Amino acid sequence: MKVPFVDLDAQYQSIKTEIDAAIAAVIKSAAFIGGQYVKQFENEFAEYCRAKYCVGVGNGTDAIYIALRALGIGPGDEVVTVANSFIATSEAITMTGARVVFVDCDPQTYNIDCEKVTTVITPRTKAIVPVHLYGQSVDINALKTIAQAHDLFIVEDAAQAHGAEYNGCRVGTLGDAACFSFFPGKNLGAYGDAGAIVTNDASLADKCRMIANHGRLKKYNHEFEGVNSRLDGLQAAILSVKLKHLDTWTHRRRDNAALYKEYLNDSGVPSPYVAPNVKHVYHLFVVQVSNRDAIQQHLSSKGIATGIHYPIPLPNLMAYRYLEYNMSNFPNATELSKKILSLPMFAELQRKQIEYVCTELQQAIKYEGDKE
Ligand SMILES: *Cc1c(COP(=O)(O)O)cnc(C)c1O
């Protein structure tokens with residue numbers, strides 16, 4: 001049996017008529033940049049997040065960069081984020097001219113260790129960029145207490161967490177602004193690059209919109225230099241179609257996670273921990289195994305595709321050598337990077353595929369797990 005890591009074609013086949021019609025309509029109206037489809041999706045996505053404003057941008061990395069810049073963050077500032085994320089999070093911080101400061105993660109939730117955040121705050125610290133990693137919200141109340149005490153902004157990296165909840169609130173409204181990616185493989189994915197910033201602050205939304213569009217709101221009234229990072233009409237129309245299905249897909253992801261947990265029960269493989277006050281959207285289903293690389297090989301030989309998110313903690317990347325971090329400050333991220341394994345996870349995954357993955361995973365552990 002073959003089990004892909006994600007299956008974007010299976011998703012497309014299930015909504016092909018709607019998608020094809022939406023694409024044709026955009027081309028016919030030539031609303032490629034800006035226009036009604038972008039506006040419509042921005043309104044729908046703001047409503048989905050239960051937020052007031054949504055600004056479509058070119059991708060999730062730019063969303064973080066633009067939100068931080070709109071908050072006035074730049075050279076001389078420091079911005080705190082977590083050691084285990086995709087490089088886009090820290091890259092966007094550096095793009096503003098600010099210095100990125102890494103904090104270790106919590107070993108249970110994989111999210112930023114809130115207690116350690118206070119230890120890195122200096123007079124130059126301006127913001128925290130927590131990542132709702134794998135689809136689980138960070139403990140935002142703990143971060144808000146710290147942010148209020150030190151007068152810091154919170155910009156959520158919600159690239160993996162469309163629709164996730166914390167105490168009944170959707171991510172996207174938990175901080176000053178939230179940044180989403182619609183990279184094709186994300187829970188809500190476009191057919192190319194796309195992203196968005198969500199906020200309840202009208203002037204911040206306007207500022208983001210200006211930065212994303214050459215520093216203007218009106219055609220040739222450039223108030224400052226911005227960038228060109230806009231959500232395009234085709235992607236917006238595709239996203240509007242897909243947004244209608246997102247809750248159904250999220251429920252299927254949760255059902256699939258429940259099946260994984262059931263089949264892995266008593267296997268000795270720890271399933272993801274879910275905090276009691278959150279709703280996880282399972283962008284990824286991440287387990288931990290020892291001798292991970294051999295187990296991944298074994299699964300691959302059985303037709304099962306897996307991933308590692310992420311194999312090298314950010315402070316240990318060549319890109320951040322200049323920050324001269326001592327990796328002993330990141331024991332949890334370091335330990336996890338050796339053990340984490342992302343199993344196939346998408347809405348269209350079949351029960352028999354999940355059962356097969358779990359059976360083969362247990363076989364792999366039996367043969368490879370104790371060879372270390
Ligand atoms: C995907 C992702 C991003 C970046 O999004 P792009 O749209 O690819 O630029 C940022 N942060 C995290 C955690 C991501 O997973």
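Ala, Val, Leu, Ile, Met, Phe, Trp, Tyr, Cys and Pro count as nonpolar, Asp, Glu, Lys and Arg as charged, and the others, Gly among them, as polar. Keep these classes in mind. The model is a predicted one.

Start with the second largest cavity. By class, its lining has 8 nonpolar, 2 polar and no charged residues. The residues that line this cavity are Asn-84, Tyr-110, Tyr-134, Tyr-310, Ile-312, Pro-313, Ala-333, Leu-336, Ser-337 and Ile-340. Tyr counts as nonpolar here, and the lining includes Tyr-110, Tyr-134 and Tyr-310. Helix α10, residues 331–339, gives the largest share of the lining, with 3 residues. The space inside is about 60 Å³.

Now widen the view. How many cavities of 30 Å³ or more does a search of the whole structure find? There are 3. Rolling a probe the size of a water molecule over the atoms shows where empty space is left.

The largest cavity has a volume of about 130 Å³. It is lined by 15 residues, and those closest to its centre are Leu-8, Gln-11, Arg-253, Phe-346 and Glu-348. Two helices, α1 (8–29) and α8 (233–264), each supply at least two residues of this lining. Of these, α8 gives the most to the lining, with 3 residues. What classes make up the lining of the largest cavity? The count is 6 nonpolar, 4 polar and 5 charged residues.

Next comes the ligand. The ligand sits in the largest pocket. Around the ligand are 13 residues. Which of them are closest? They are Gly-60, Thr-61, Asp-157, Ser-181 and Lys-186. Helices α3 (60–70) and α4 (87–95) each supply at least two residues of the shell around the ligand. By class, that shell has 4 nonpolar, 7 polar and 2 charged residues.

Look at single atoms now. A polar side-chain atom of Thr-61 is 2.5 Å from an oxygen atom of the ligand. For Asp-157, a polar side-chain atom lies 2.7 Å from a nitrogen atom of the ligand. In the side chain of Lys-186, an N or O atom is 3.1 Å from an oxygen atom of the ligand. How much of the ligand does the protein bury? Taken alone, the ligand exposes 380 Å², and the protein buries 93% of that.

Technical notes
Residues numbered from 1 in each chain as written. Predicted model: local features only at pLDDT ≥ 70, side-chain atom pairs only at ≥ 80, totals over all residues. Heavy atoms only, no water. Near = heavy atom within 4 Å. Polar contact = N/O pair within 3.5 Å; in protein donor to acceptor, adjacent residues only side chain to side chain. Areas by Shrake-Rupley, 256 points an atom, 1.4 Å probe, with all protein chains shown as cover. 1 Å grid on protein atoms, 1.4 Å probe; cavity = no way out; pocket = protein on both sides within 12 Å on 5 of 7 lines; lining within 4 Å. Sits in = over half its atoms within 2 Å of the grid points. Helix = DSSP H or I, 4+ residues; strand = E, 2+ residues; numbered from the N terminus. Points joined across faces, edges and corners; volume = space filled by probe spheres on them.
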